[in-house]
Amino acid sequence: MRIALFATCIVDAMYPKVALATVRILERLGHEVVFPQGQGCCSQMHINSGYFEDAVPVIRNHVRAFTSTDYDVAVAPSGSCVASLGHQQPLVARQCGDAALADDAAMVAENTYELSELLVDVLGVTDSAAQLGSWFPHPVTYHPSCHGMRLLGLGDRQKDLVRSVEEIEFHELPDAEECCGFGGTFSFKNPDVSGAMADEKLRNIVDSGASLCTGGDASCLMHLGGAASKRKLDVQTVHFAEILASTRANPLIVDGPVELSIPQPGRRSAAPVGATR
């Protein structure tokens, strides 16, 4: 299958290794990944702030990028951005008087999947250890982000994929369905409320017994990771794609800042004895 990667602006700008992990996972399954040129923001920030007219050219750019590339399906490692494509883009384009753009946006959105949705529903991945070779022997808890949970209806897809990773030590998160407090521009407009919500989420992460919190949205993980660092808590955040991409031969490094190992061109990282790539 030929799969188009929608990297999203926050992943592209701040967490490119999440995009790399997504590509590794899909290529490991034997699929070809392409990157539509010219892609950028999904327009969610503009729309959430009420700037509908300013969002239209952003929507048009996304539609142009993903209709000018040949692929079977598209994927993004972000429930929030995928939800915006289907929930916001057609509505805003139509409200601003561009019915053709609204129809095209709806078509692109219909063919775009959040990563766990693609893996489980389309590619039939239910056992990360057996089907992806995922290995991550660390204590992890999982935070379900609001858009993936409430707008996309992802359910336990992300959590189940993480739980099936070989040797992972999974801890259930108390009050997992409570928002982390990020909410995009909400955290800028309501910093005190946002910070209090992050405090509550961090307390639950600590109470879970895990030192790593995973999830499917880099923005929420950035919010929680920054709050944990500010409060000097022994909590790190990591996107679930990086955990699935981690193998015995090329593991996700958690000694210090969480880092997906990227061998230099022409070199192969040393594999533990008995490990296979």
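**Helix packing, cysteines and loop residues in a predicted model**

In helix α8, which spans residues 115-122, the buried residues are L115, S116, E117, L118 and L119. The model described here is a predicted one. The partners of these buried α8 residues include both strands and helices: they pack against β1 (2-5), β3 (73-76) and β4 (112-114), and also against α2 (16-28), α11 and α15 (240-245). After α8 comes G124, a glycine with a positive phi near 70 degrees.

Two packed helices are described by the angle between their axes and the distance between the axes. For helix α4 (residues 52-67) and helix α7 (residues 99-110), the angle is about 55 degrees and the axes are 10 Å apart. Angles from 65 to 115 degrees would count as roughly perpendicular and those under 35 degrees as roughly parallel, so α4 and α7 are oblique to each other. The crossing of α4 with α7 is left-handed. On the α4 side, the contact is made by V56, I59, R60, H62, V63, F66 and T67, and these meet L101, D104, A105, M107 and V108 of α7. By residue class, the contact of α4 with α7 comprises eight nonpolar, two polar and two charged residues.

Turning to the cysteines, the structure contains zero disulfides. C146 is in no disulfide, and the nearest cysteine sulfur to it belongs to C179, 3.8 Å away. C146 is partly exposed, having a relative accessible area of 23%. C180 is likewise in no disulfide; for this residue the nearest cysteine sulfur is that of C220, at 4.0 Å. With a relative accessibility of 1%, C180 is buried.

Is H143 buried or exposed? Its relative accessibility is 1%, so H143 counts as buried, the limit being under 20%.

Helix α11 (residues 157-163), already mentioned as a partner of the buried residues of α8, contains D160. D160 is partly exposed, at 40% relative accessibility. Along the chain D160 and F136 are 24 residues apart, and their C-alpha atoms are separated by 14 Å.

E167 is found in the loop between α11 and β6 (169-171). Although E167 is not a glycine, its phi is positive, near 65 degrees. E167 is partly exposed, with a relative accessible area of 46%. K232, another residue other than glycine, has a positive phi of about 55 degrees. The loop that holds K232 runs between α14 (218-230) and β8 (236-239). How accessible is K232? The relative accessible area of K232 is 74%, so this lysine counts as exposed, the limit for that class being over 50%.

Note on methods: Residues numbered from 1 in each chain as written. Predicted model: local features only at pLDDT ≥ 70, side-chain atom pairs only at ≥ 80, totals over all residues. Heavy atoms only, no water. Disulfide = S-S within 2.5 Å. Buried < 20%, exposed > 50% of the residue type's maximum accessible area, 1.4 Å probe, protein only. Axes fitted to C-alpha atoms, helices over the stretch in contact; angles between N-to-C directions. Helix = DSSP H or I, 4+ residues; strand = E, 2+ residues; numbered from the N terminus. Parallel < 35°, antiparallel > 145°, perpendicular 65-115°, else oblique. Left-handed = near helix turned anticlockwise from the far one by under 90°. Contact = heavy atoms within 4.5 Å. Nonpolar A, V, L, I, M, F, W, Y, C, P; charged D, E, K, R; others polar.
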